[in-house]
Amino acid sequence: EAAEQQCSATFGELIENSGNWADKIVQTSRRHRSRGVTGDMFIGCFKELVHAVLDMIPAGDEPMQQKVAARQFVRLWADAFETIIVRDWTALSEKEAAESLDQANRRLTMEKCKYENVIESISDLVFVLDKHGSVLEANRTARQYFQEDPTHTPIWELLGLEGRSMGDVLTNYSLKMPREISLDDDMYFHCVFTSLKIDCSS
């Protein structure tokens with residue numbers, strides 16, 4: 001009775017995988033996927049198999065009506081199987097993409113914490129700037145020296161540097177080239193600009 005129900009199933013019923021008829025095939029496709037087989041490759045091979053079966057039907061001795069019914073049956077189940085596989089692989093791809101994004105965010109958070117810990121432990125004044133030259137972060141030493149939070153302040157205003165933009169500052173103070181500067185209290189510092197790169201590839 002179950003076999004008769006499956007043979008008379010509609011396309012909509014088949015793609016719902018009622019009776020779990022496609023489970024073993026789905027598991028097989030997942031094993032192939034885990035070995036590096038792409039969706040195009042797997043579906044392509046499956047279509048070749050389907051066409052081979054369809055080509056065999058006309059060679060049989062059955063009446064034409066049965067041959068037509070057999071071709072319709074094979075196409076119906078093949079289309080349902082292909083739909084289930086594509087849906088399953090799409091769901092897996094979305095899950096893998098979400099896991100990959102989660103891992104990238106974790107690495108980014110770890111790298112950010114790492115550099116923040118390093119910066120906080122430095123006894124020199126350290127500022128992290130955005131591309132416009134405004135202070136994003138300042139380490140403990142810098143906050144204690146200025147006795148206030150210097151964030152959002154342009155670095156040239158904070159340190160009394162030459163220039164009125166980040167472009168002007170980098171023209172006058174080359175990257176990784178120390179320049180002596182003095183602040184209002186006549187204290188002298190070596191000012192060094194450098195680019196900050198966070199490696200999240202590992």
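Which residues of helix 3 are buried? They are Val26, Ser29 and Arg33, where buried means under 20% relative accessible area, exposed means over 50% and partly exposed lies in between (1.4 Å probe, protein chains only). Helices (H or I, at least four residues) and strands (E, at least two) are DSSP runs, numbered from the N terminus.

Before going further, a word on what you are looking at. This is a predicted model, in which local features need pLDDT of at least 70 and side-chain atom pairs count only at pLDDT 80 or more, while totals for chains, interfaces and linings use all residues. Residues are numbered from 1 along each chain as its sequence is written, and side-chain values use heavy atoms, with hydrogens and water left out.

Back to helix 3, then. The buried residues Val26, Ser29 and Arg33 cover an arc of only 60 degrees around the axis, which puts them on the same side of helix 3; the arc is that of the directions from the helix axis to the C-beta atoms. Lys24 and Ser34, on the other side, are exposed. Helix 4 (39-56) and helix 5 (64-121) are included in what covers the buried residues.

After helix 3 comes Gly36, with a positive phi near 105 degrees. Val37 sits in the loop between helix 3 and helix 4 and is partly exposed, with a relative accessible area of 21%. Leaving aside residues up to four places away in sequence, Val37 touches His32, Phe42 and Trp89, a contact being heavy atoms within 4.5 Å.

Phe42 also brings us to the nonpolar cores. A nonpolar core is a set of buried Ala, Val, Leu, Ile, Met, Phe, Trp, Tyr and Cys residues joined through side-chain atoms within 4.5 Å. The largest has 20 residues, of which Leu14, Trp21, Phe42, Val50, Phe81 and Ile85 touch the most other members. Helix 2 (11-15), helix 4 and helix 5 each supply at least two residues of this core, and helix 5 gives the most, with eight. Apart from it lies another core, of 17 residues, among them Ala138, Val169, Ile181 and Phe193.

Next, the aromatic rings. The structure holds eight aromatic pairs; rings of Phe, Tyr and Trp (its six-membered ring) pair if their centres lie within 6.5 Å, and planes under 30 degrees apart count as stacked, over 60 as edge-to-face and the rest as tilted. With ring centres 5.5 Å apart and planes at 35 degrees, Phe73 and Trp77 make a tilted pair. These two are four residues apart in helix 5, so about one helical turn separates them. Phe73 is partly exposed at 36% relative accessible area, whereas Trp77 is buried at 16%.

Tyr173 and Phe193 form another tilted pair, 6.2 Å centre to centre with 55 degrees between the planes. Because Tyr173 lies in the loop between helix 8 (166-172) and strand 3 (179-182), and Phe193 in the segment after strand 4 (188-191), the pair ties together parts that are 20 residues apart in sequence. Both Tyr173 and Phe193 are buried. Elsewhere, ring pairs link Phe127, Tyr145, Phe146 and Phe189 into a cluster.
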